[in-house]
Protein chains: 2
Amino acid sequence: MTDAKPTTTAASAGGVESVDRALSIVGCFQAGDHALSLTEIAARTGLYKSTILRLTVSLERAGYLVRHQDKSYRLGPELMRLGGLYQRSLRLEDHVRPVLRQLMRESGESASFFRREGAWRICAFREDSTQAIRDHVHEGDRLPLDRGAAGHVLTRFAGQGSAADFAALPLLSFGERESETGAAAVPVFSQRDGLVGALTLSGPLTRFTGERVAVMAPLLLAAGSRLSETLGGHYPDQASQSA
Amino acid sequence: MTDAKPTTTAASAGGVESVDRALSIVGCFQAGDHALSLTEIAARTGLYKSTILRLTVSLERAGYLVRHQDKSYRLGPELMRLGGLYQRSLRLEDHVRPVLRQLMRESGESASFFRREGAWRICAFREDSTQAIRDHVHEGDRLPLDRGAAGHVLTRFAGQGSAADFAALPLLSFGERESETGAAAVPVFSQRDGLVGALTLSGPLTRFTGERVAVMAPLLLAAGSRLSETLGGHYPDQASQSA
DNA sequence: AACACAGTTCTATCTAACAGAACTTTTGCG
DNA sequence: CGCAAAAGTTCTGTTAGATAGAACTGTGTT
């Protein structure tokens, strides 16, 4: 008997219990894991090894897991393929990526585009700064919505945002999610969906001084406004002039 | 009643049938799909709508699918997170990405790193050419192993490769997978795993003339050799000198 | 050689999952 | 606006599938 068990069940919340279990196997892999043994998966998921062995046959067949000769399990390539499908299904990359590259070039800091998904924000696109010291977020990472400049943007502009909201842009954070990271963010709108995401510059606190933020702010506002217009949305006129 | 049914079953091949079904729902999304209706998913998977409704509760809970207010289903952000975990679990990016960038800069063509997974090759890392005309492959894409320069490398060097194999590098293809795409590829070895992948330059046939390939060949060979050494593997001495 | 641990196989039991009918809601057309 | 078609949702009897967990096999260490 292993000690921890998945806490949600199909019986109590709908769904199919064996699917929940299978996905909990995939979900128990963490950053830094190269491979996991059967015993380690059992410890992390609370499932019996015999149950895991049966579930993993389906996961392997679908390409979500790969089993190697040393009996260890690794995440499979189908996840990367589907992750790319997800990213491209947003139909934003062709518009967002060039803007992120330009923002990164002009500001020297990492530029990201976050989307809201439920109670989280997802880093959908990212261009890392070329500087050696920078914050580390990866495309696909899921971060809390209630912390960080991008989180505040995604919360505050969920409605269209008032003139006062726009006047406050870019929204800033200092060490909210990670103690040594600063960030500045602005909203991005589209015609179809309203608020589609937050454009963000981030980096170490030491490079988020008043002077540096004053340099970044007009870059971000201009980029957010331009990207919104590309997507059929727009900022109120005053918002882009108050920078 | 819908007409098509998943062809493999847990009963005949092991695994858990409802997990197979759930993953066939995720797997029915294709490039270009923004969202799918319940009816469309039923048509693509051959599952009853009532079955899909139950399975998708588990998929939504895990973040693999998102259901929107218009009742449509979209792929969910957890796929991108897991796809990034997979990519980083290879523990290659820090070594491979800089080499791809340099190869792309020096050659002007798209540079990719392919890995073998079963009977397929996966594009694990990619740096697109900045030229307007280029081939389109995305990180995560799964391509056939028996076609393309990278496929030939992954097949031919699965054993260590003979001196004759190395002398033939880089392996070339002209319009094997896509009729207008050319590619050149070399193997990459590591100490731990032997052949870990194929380093590839690719682009339109019109830019894969004899002269252009003569320019790319030494760049690729040097990059493949250097990357192998970084990973604790190596090319035989003659291989890198015959370029 | 003995022991501990990891991985694998087997099966009795029970309930979870399904098929598909019936129902409700939404959409599109005349 | 009314109607029909299509899409989405709920319900439930039946049974086959999935599990728990014991027993067994294989591997690594002392």
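A polar contact is a pair of N or O atoms within 3.5 Å; within protein, one atom must be able to donate a hydrogen and the other to accept it, and residues adjacent in sequence count only if both atoms are side-chain atoms.

The exercises concern a predicted model, in which local features need pLDDT of at least 70 and side-chain atom pairs count only at pLDDT 80 or more, while totals for chains, interfaces and linings use all residues. Residues are numbered from 1 along each chain as its sequence is written, chains are lettered from A and ligands numbered from 1 in the order in which they are written, and side-chain values use heavy atoms, with hydrogens and water left out.

**Exercise 1. Describe the setting of A:S72 in chain A.**

Step 1. The secondary structure of chain A consists of ten helices and eight strands; helices (H or I, at least four residues) and strands (E, at least two) are DSSP runs, numbered from the N terminus. The C-alpha trace of chain A spans about 65 × 40 × 30 Å along its principal axes.

Step 2. A:S72 is found in the loop between β1 (65-67) and β2 (73-75) of chain A.

Step 3. With a relative accessible area of 8%, A:S72 is buried. Buried means under 20% relative accessible area, exposed over 50%, and partly exposed in between (1.4 Å probe, protein chains only). Of the 243 residues of chain A, 51% count as buried.

Step 4. The side chain of A:S72 makes a polar contact of 2.7 Å with the side chain of A:D70.

**Exercise 2. Identify the pairing partners of β4(A) and explain why β4(A) is described as largely enclosed.**

Step 1. Two strands pair if DSSP finds at least two bridges between them. Strand β3 (residues 110-117) of chain A pairs with β4(A) in the antiparallel sense over seven bridges. Within β4(A), A:R121 stands opposite A:R116.

Step 2. The hairpin of β3(A) and β4(A) has two residues between the strands, and A:G118 takes a positive phi near 65° there.

Step 3. Strand β5 (residues 142-144) of chain A also pairs with β4(A), antiparallel and over three bridges. A:R142 in β5(A) is the bridge partner of A:I122.

Step 4. β4(A) is largely enclosed by the rest of the structure because seven of its eight residues are buried.

**Exercise 3. Sort the residues of strand β6 of chain B by face, and describe its hairpin.**

Step 1. In a regular strand the side chains alternate between the two faces of the sheet.

Step 2. In β6 (residues 171-174) of chain B, the covered face holds B:L171 and B:S173, whereas the uncovered face holds B:L172 and B:F174.

Step 3. β6(B) runs antiparallel to strand β7 (residues 181-190) of chain B, and four bridges join the two. B:A183 in β7(B) is the bridge partner of B:S173.

Step 4. Six residues lie between the strands in the hairpin of β6(B) and β7(B), where B:G175 takes a positive phi near 65°.

**Exercise 4. Characterise the surface near DNA strand D.**

Step 1. A residue is near a strand if one of its heavy atoms lies within 4 Å of it. DNA strand D is surrounded by 18 residues, the closest being A:Y48, A:S50, A:T51, B:E17 and B:T39. Of the atoms of DNA strand D that come within 4 Å of the protein, 71% belong to sugar and phosphate.

Step 2. The side chain of A:S50 places an N or O atom 2.7 Å from a base oxygen of DNA strand D. A polar side-chain atom of B:T39 is 2.6 Å from a phosphate oxygen of DNA strand D.

Step 3. By class, this surface has four nonpolar, seven polar and seven charged residues. Ala, Val, Leu, Ile, Met, Phe, Trp, Tyr, Cys and Pro count as nonpolar, Asp, Glu, Lys and Arg as charged, and the others, Gly among them, as polar.
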